[in-house]
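Work through the exercises below with the sequence and the structure in view. Try each task before you read its solution.

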Amino acid sequence: MADEHYHSIRFDASACHGCMACMRVCPTEAIRIRRGSAVMLEDRCIDCGECIKVCTKNAVVPLTASPAGLGHFDYMIAVPSPALYTQFDLDVTPGTILQALRNSGFDAAAALSWSCGAVTHAIDLFLSEYRGPGPLISSFCPSVVRLVQIKYPELVDQLLPVLSPREVAAREAKLRVSADTGLPLDRIHAVYVTPCPAKLVSIVDHPGMDASFIDSAVGISDLFPLLAPVIRDVQTSGAKVPETETAAGLGWAFSISLPSTLPAEDTMSVWGLPNVLRILDDIDKGKLQRYTFIECHACFEGCVSGALTVENPYVARARALRLQQSLPKRDPVDPADLRARHARGEFRTTLPFAIRPPRPLGRDIVTAITRMQERDRVAARLPGIDCGACGSPTCAAFAEDVVMGEAEQAQCVVLRKEQLEEQAARLAAPLAGTPAGPGSARRSGDDRH
Amino acid sequence: MTDAEFVRAYEIAGADFTNAGRASTGIKETLKNMGLPSALIRRVAIAAYEAEMNTVMYARRGTMTLRVTPEDVTIDVRDEGPGIPDITLAMQEGYSTATPEMREMGFGAGMGLPNIRRNTDELVITSEVNRGTALMMTVHVS
């Protein structure tokens, strides 16, 4: 598996000041500061992008394509995240945004409402037939999927094996273009306009699938400066823009639109990785079995608060609700057609979700026991204040890093200070009773100049 | 065989519901970190959690000691508490002495000890009324 440790972000050592902001916020303790700059532990990173959000030096670089770097293909389709619709003023309709995407070099822009509505129905049909262990956990946020694969391997079979609206939208758009133009599918390129780098993970290496239907991703924040003037042009041209979206798609900007047949008390919606971790922990302990479905989002306000959005997430969420009210309410999905597609497996992932346990302390149990003993011995000496100055996020993580040979115990500034004080005390002992020597006075004086 | 053994003890405070579950989560993380099979970890984690919650709900205080050898994972829970007057009765599914408050929190289905028995290979319970209870839970590694 060449892509086993593929990540959608990288750290730029030349821009990083080693300030530790990213290391402190990382929910899976996947960042260390080494030689003054941040490095990633690839087997632990879940691509959530919290590091991008806190970095003030632009040292965490998303690997999404720049608009200029998308390359040239016979036919390019833009597949917007519903979060894109929430990034502009309220008078900018989804229809205007889709038109602006077409005017900015894309051959087509896919509307989302049908795929969003279809996936809601598909969840309903899947749950009505599902007899396995509960609760099922949503799989549309790639960071949540990676978190389960890395930290909760026993729960991978509870990840919902239903395709996301973005995948369905890309597939349907490609099929339509291929039918209309006669182009083979592999010459049609689908570009996701993404609110976060994590979606790139599911494009490069889609869990539960041989390949994603999406080919590349461009960040909303990268496209925004180019799209905004084109949107103004569309608005001022006075041309009538058709509105192809319905209310069904907008809810997906911050949550999953769950089937109305699913009783609210059988579901739970969890936002933000610290909360997701607690819920997954409870499920792992065998609790919460009475719930049917739990939707989990890595970001606190869902996709509108992704690391590559530009608008305040609360404003964006309010706009999504307003747009939902102003757009047509009709269900864009024909139930009979949908049941037939469901029966053909069109909304199912095709492979089991893999597990990705991080590297353990030892390859065999005896080594692991020895290293864990050593880890506890090191940890017992540490101050337990999690200051981070050693370059590890907590004293516990530092103890493990020492045992694995990735850090030196001397990097702990508190231990160093204690050692220096002991040395100083030993040196001073023979001088006890005499006034402070000239050497020490000179040294403190030097510090001032 | 080898005499390699890892031992770590956790303190459990009775009625401390804010921190309840920390010890069993710590045990789970430790076993994951040691690279033990995830199915085994899940059994140990569920048994440890049930035992920890019993201590939090009924006892004044307790200790939970994790012991890992190449052959076994053992968890030894000793509490200072009311004890179990009739262990055979307590092992029956559905039997519970949980208070309404405990039931409010989702406990009291009478599945605690049966759940522990189901997830362990060996279980030894000793108890003395008004003194405390000791559980020795073992799951074989291979």
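A residue is buried if 20 or more other C-beta atoms lie within 10 Å of its own, exposed if 12 or fewer, and partly exposed in between, with C-beta atoms placed from the backbone. The model is predicted: local features need pLDDT of at least 70, side-chain atom pairs count only at pLDDT 80 or more, and totals for chains, interfaces and linings use all residues. Residues are numbered from 1 along each chain as its sequence is written, and chains are lettered from A and ligands numbered from 1 in the order in which they are written.

**Exercise 1.** Decide whether Arg344(A) is buried or exposed, and state where Arg344(A) lies.

Solution. Step one: Arg344(A) has 9 C-beta neighbours inside 10 Å, and therefore counts as exposed. Step two: Arg344(A) sits in the loop between α12 (335-343) and α13 of chain A. Helices here are DSSP runs of H or I with at least four residues, strands are runs of E with at least two, and both are numbered from the N terminus.

**Exercise 2.** Check the span of helix α15 (residues 413-428) of chain A and state how well the helix is covered.

Solution. Step one: the expected span is 1.5 Å times one less than the number of residues. Step two: α15(A) has 16 residues, and 22 Å is expected. Step three: from first C-alpha to last, α15(A) reaches 22 Å, close to that expectation. Step four: α15(A) is hardly covered, as the count of buried residues in it is zero. For chain A as a whole, buried residues make up 45% of the 449 residues.

**Exercise 3.** Describe the side of chain A that touches chain B.

Solution. Step one: two residues are in contact if their C-beta atoms, placed from the backbone, lie within 7 Å. Step two: the contact takes 17 residues from chain A and 19 residues from chain B. Step three: α10 (273-284) and α13 (365-381) of chain A each supply at least two residues of this side of chain A. The largest share, eight residues, comes from α13(A).

**Exercise 4.** Compare the radius of gyration of chain B with the globule rule.

Solution. Step one: the radius is taken over C-alpha atoms, and the rule is 2.2 Å times the number of residues to the power 0.38. Step two: for 142 residues, a compact globule would have a radius near 14 Å. Step three: chain B has 15 Å, which agrees. Chain B contains five helices and five strands.
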